[in-house]
Amino acid sequence: MSDTKPFVIVTRKFPDPVEARMRELFTVELNPDDTPFTRDQLADALSRADILAPTITDKLDADLLAGAGGQLKMIANFGVGVDHIDLNAAHAKGLVVSNTPGVLTEDTADIAMALMLDAARRVTEGDRRTRAGEFKGWHPVWMMGRSVHGKSLGVIGMGRIGQAVARRAAGFGMDIHYHNRSRVSGAIETTLGATYWEDLDAMLGRVDFVSVNCPRTPTTYHLLDARRLALLQPHAIVVNTARGDIIEEAALAAMLADGRLAAAGLDVYEFEPRVEAQLLGLDNVVLAPHLGSGTIETRTAMGEKVIVNIKAFLDGHRPPDRVVPAE
Ligand code: DGY
């Protein structure tokens, strides 16, 4: 990098205050019309920027990163999930990678809870039916959903977001179960009244609701595949606010279609932004467009984190949210 301002390329439109601050601090190339970069545009950005600020919509695989110019020093991701970045390839290139954890925990947990309630109580389906003129007045047995209180929730991935979902669900009178790579502290288990299941298969057969909150890593790809989904009880409801391909989407759709699962609430999709065609035709699934962190407050805080990480790096410090490849 030269001793003038570092050259930062931002791949998508960020909230206005974030872009304004970036303009003050860096020589920045923004993307005001917000068209996602093509692979060629990404390659071009990697060959010109000192620092790239990408998002989940930019797949930075090993081939692309291998072609990055020697001037590129850092990838400061806008988002907590970094499964779209080949961390090993970035590391091999000597690139520092950072993300934006913490600030999106509560909003993402809110969306998980919203999907859980909506899938169980059929709010969005009811909205569609009301607009279609089907509401003819209160009816004793029309559009009956399923209670949430008194039911068991199995949280898969008891990190920050999983715990925030569990806190909310406990407040709704749910009984909390969880599966995680490692058991959380006794204090957290006690606060949440949470039961640990080392064996995911065993937990799935026991719970009424499932919330997917683990990161997407090589080991969580299709963690809920057809075999595991079949372990769920037919009245079970599945919610996913993590990454789409943690669930085998076609298998989930088939089970929702033929009643082997009661309902689902999805914020993420296996082939995002494409949604499995069968899901689009089902009333027992709520489909949100990856809204987890989508509030003005959180998206601004995510942008501020991108800036803090870049500044720390430029000042010669370890960025607070540096991400390194798994051992
Ligand atoms: C995240 O932060 O990982 C969100 O899903 C958007 O990338």
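User: Which residue stands opposite Val238 in β11?

Analyst: Ala264 stands opposite Val238 there. Before we go on, note that this is a predicted model, where local features need pLDDT of at least 70, side-chain atom pairs count only at pLDDT 80 or more, and totals for chains, interfaces and linings use all residues. Residues are numbered from 1 along each chain as its sequence is written, and side-chain values use heavy atoms, leaving out hydrogens and water.

User: How should I read a pair of strands?

Analyst: Strands of a sheet pair through backbone hydrogen bonds, either parallel or antiparallel. Two strands pair if DSSP finds at least two bridges between them; strands are DSSP runs of E with at least two residues, helices are runs of H or I with at least four, and both are numbered from the N terminus. In our case, β10 (residues 237-240) and β11 (residues 263-266) are joined by four bridges in the parallel sense.

User: In what order do the strands of that sheet come?

Analyst: The order is β8-β7-β6-β9-β10-β11-β12, seven strands in an open sheet with parallel pairing. At its edges are β8 (195-196) and β12 (285-287), each pairing on one side only. Helix α11 (residues 249-257) lies across β10, β11 and β12, at about 140° to β11. Such angles run from 0 to 180 degrees between N-to-C directions, with axes as lines fitted to C-alpha atoms, for helices over the stretch in contact.

User: Which strands stand at the edges of the six-stranded sheet?

Analyst: That open sheet has the order β2-β1-β3-β4-β5-β13 and mixed pairing. Its edges are β2 (27-29) and β13 (322-323); each has a single partner strand, so one side of each is left without a neighbour in the sheet. Further in, β3 (residues 51-53) and β4 (residues 74-76) run parallel and share two bridges, with Ile51 partnered by Met74. Helix α13 (residues 296-314) packs on this sheet, touching β1 (7-10), β3, β4, β5 (96-98) and β13. Contact here means heavy atoms within 4.5 Å. The direction of α13 makes about 160° with that of β4.

User: Which residues are around the ligand?

Analyst: A residue is near a molecule if one of its heavy atoms lies within 4 Å of it. Around the ligand we find Ile56, Gly79, Val80, Gly81, Leu104, Arg243 and His290.

User: What lies 2.7 Å from an oxygen atom of the ligand?

Analyst: A polar contact is a pair of N or O atoms within 3.5 Å; within protein, one must be able to donate a hydrogen and the other to accept it, and residues adjacent in sequence count only if both atoms are side-chain atoms. A backbone N or O atom of Val80 lies at that distance from a ligand oxygen, and so does a polar side-chain atom of His290. For Arg243, a side-chain N or O atom is 2.8 Å from an oxygen atom of the ligand.

User: Where are Pro273 and Arg122?

Analyst: Pro273 is in the loop between β11 and α12 (277-280), and a cis peptide bond with omega of about 5° joins Glu272 to Pro273. Arg122 sits in the loop between α5 (105-121) and α6 (123-131). Although Arg122 is not a glycine, its phi is positive, about 60°.
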